[in-house]
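Please open the structure in your viewer and keep the sequence panel beside it, so that each selection can be followed in both places.

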Amino acid sequence: MAETTERRGPRTRPERLDDLPFTRAHGRLLTGSGLGWALDAMDVGLISFIMAALAVEWGLTDQ
């Protein structure tokens, strides 16, 4: 026997959002956010690598 619980009153916002179907707009938003995150991570990694190489090349100290 399946156990069902009845909720009294309006559903909460997260409950309503969980019931929404995954649409093409959601896919585009997810893809765009993922691409932006990946490019930002690549940018930070590239800059940190170049800064370390320039410090050695130019003989920079911590000061």
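The tour below starts with the whole chain and then moves from one selection to the next.

Begin with everything selected, and keep in mind that this is a predicted model. In a cartoon view, the chain of 63 residues shows 2 helices and 0 strands. If you colour by accessibility, you will find that buried residues make up 2% of the chain.

Next, select residues 24-58, which form helix H2. How far apart are the end C-alpha atoms of H2? They lie 50 Å apart, which agrees with the 51 Å that 35 residues should span at 1.5 Å a residue. Just after H2, click on Gly59, whose phi is positive at about 65°.

Now select residues 37-60, the stretch that an unreviewed UniProt entry annotates as "transmembrane region". Over residues 37-60 the chain is 92% helix and 0% strand, with 31 Å between the end C-alpha atoms.

Stay with H2 and show the side chain of Leu35, which has its place in this helix. Leu35 counts as exposed because its relative accessibility is 51%, and the cut-off for that word is over 50%. An α-helix has 3.6 residues a turn, so residues three or four places apart point the same way.

For the last stop, select Arg11 and Asp19, whose side chains meet in a salt bridge with an N to O distance of 2.1 Å. A search of the whole structure finds 1 salt bridge.

Terms used:
Residues numbered from 1 in each chain as written. Predicted model: local features only at pLDDT ≥ 70, side-chain atom pairs only at ≥ 80, totals over all residues. Heavy atoms only, no water. Helix = DSSP H or I, 4+ residues; strand = E, 2+ residues; numbered from the N terminus. Buried < 20%, exposed > 50% of the residue type's maximum accessible area, 1.4 Å probe, protein only. UniProt positions renumbered as here; feature names shortened; annotations may be inferred. Expected span 1.5 Å × (residues − 1). Salt bridge = Lys/Arg side-chain N within 4 Å of Asp/Glu carboxyl O.
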